[in-house]
Amino acid sequence: AFTNTGTGAVSITAASGPLNVTAVVDAGATNTLTLTASTGGLSIGADLKAVGGTVDLVAAGVLSQTAGVITTGSLTGSSVGGATLTGANLFDSLAGFTNTGVGDVSITDAKASGLTVSTAVDAGSGNTLTLTTTNAGPLTLSANVSAADGTVDLVAAGALSQTAGVITTGGLTGSSVGGATLTGANLF
């Protein structure tokens, strides 16, 4: 557990082995929370908070969420071997995510106002990238989304739209509620 109040970013690094979050970590409103597992996986088992700020999750191994909710303005990060962030998370934008190695990437947002992909998201070659919104939230792609030679699965509980960027993948699948507009110079 860790709590910060006032203005100032919170950055925590595990330099050896995996990093397991087992109790609430709150960086404080509008601040940045960075959790780094520099030699292993990162497991989220409790709430992470940086309301109106940014949560940056950096894993040298697999990134997983077993419990808790990520509450922030923007989520960003990276993994090696896949990432599963499928809790009832509450964030406005996915501000970039990169995965290398073999392992799928799945990210869920439960905020009713929806999710905007604002910076490139790359699941890595041959993997599956799944982006999901729930609670009638729309899904808006405003940046590149890729899973070269893999699959991109876009699951929107509201409208699905593409305002910028390119979808690059071997196969595209998905669903929407209220229409879908994916009219970029997509490559699949």
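# A tour of the parallel strands and the core

Start with strand β11 (residues 93-100) and strand β13 (residues 115-122): they pair in the parallel sense over five bridges. Select Ala95 and look across to β13, where its bridge partner is Thr119. Keep in mind that this is a predicted model.

**Stop 1: onward from β13**

Pick Leu115; its bridge partner in β15 is Leu139.

Select Asp122 to find Ser146 of β16 standing opposite.

**Stop 2: β12 and its partners**

Move to β12 (105-109). What lies on each side of this strand? Val105, Ile107 and Asp109 are on one face, Ser106 and Thr108 are on the other, and all are buried. That makes five of five residues in β12 buried.

Next, show β10 (83-85). β10 and β12 are parallel and share three bridges. Select Leu85 and find its bridge partner in β12, Ile107.

Then show β14 (128-133). Five bridges join β14 to β12, and the two run parallel.

**Stop 3: the salt bridge**

How many salt bridges does the structure hold? There is one. Select Asp92 and Lys111, whose side chains meet at 2.8 Å, N to O. Asp92 sits in the loop between β10 and β11, and Lys111 in the loop between β12 and β13, so the pair ties together parts 19 residues apart in sequence.

Asp92 is partly exposed, at 34% relative accessible area. Lys111 is partly exposed too, at 26% relative accessibility.

**Stop 4: the nonpolar core**

Go to Leu42, Leu48 and Leu57. Of the 43 residues in the largest nonpolar core, these three touch the most other members. Colour strand β7 (residues 48-59) as well; it supplies the largest share of this core, five residues.

Centre on Leu42 and show what surrounds it. Setting aside neighbours within four places in sequence, Leu42 contacts Leu19, Val21, Leu35, Ala37, Leu57, Val58, Ala59, Val62, Leu63 and Ser64.

Step from Leu42 to one of those contacts, Leu35. Leu35 belongs to strand β5 (residues 32-37). Is Leu35 buried or exposed? At 2% relative accessibility, it counts as buried. Beyond its neighbours within four places in sequence, Leu35 contacts Ile12, Leu19, Val21, Leu42, Ile44, Leu48, Asp56, Leu57 and Val58.

Draw a distance from Leu35 to Thr13. Their C-alpha atoms are separated by 6.0 Å, and the two residues are 22 apart along the chain.

**Stop 5**

Most residues other than glycine have a negative phi. Two places to check go the other way.

Select Thr30 in the loop between β4 (25-26) and β5. Thr30 is not a glycine, yet its phi is positive, about 65 degrees. With 59% relative accessibility, Thr30 counts as exposed.

Then select Ala136 in the loop between β14 and β15. Ala136 also has a positive phi of about 65 degrees without being a glycine. Its relative accessibility is 54%, and Ala136 counts as exposed.

**Last stop: zoom out**

Show the whole chain as a cartoon. The protein has zero helices and 19 strands. Its C-alpha trace spans about 45 × 30 × 25 Å along the principal axes. For 188 residues, a compact globule would have a radius of gyration near 16 Å; the protein has 16 Å, which agrees.

Colour by burial. Buried residues make up 45% of the 188 residues. Then display the surface: the protein exposes about 7,300 Å², and carbon and sulfur atoms supply 55% of that area.

Of the contacts with a separation of 6 or more, 18% are between residues 24 or more positions apart.

Methods: Residues numbered from 1 in each chain as written. Predicted model: local features only at pLDDT ≥ 70, side-chain atom pairs only at ≥ 80, totals over all residues. Heavy atoms only, no water. Helix = DSSP H or I, 4+ residues; strand = E, 2+ residues; numbered from the N terminus. Rg over C-alpha atoms; globule rule 2.2 N^0.38 Å. Buried < 20%, exposed > 50% of the residue type's maximum accessible area, 1.4 Å probe, protein only. Contact = heavy atoms within 4.5 Å. Areas by Shrake-Rupley, 256 points an atom, 1.4 Å probe, with all protein chains shown as cover. Core = buried A, V, L, I, M, F, W, Y, C linked by side-chain atoms within 4.5 Å. Pairing = 2+ DSSP bridges. Salt bridge = Lys/Arg side-chain N within 4 Å of Asp/Glu carboxyl O.
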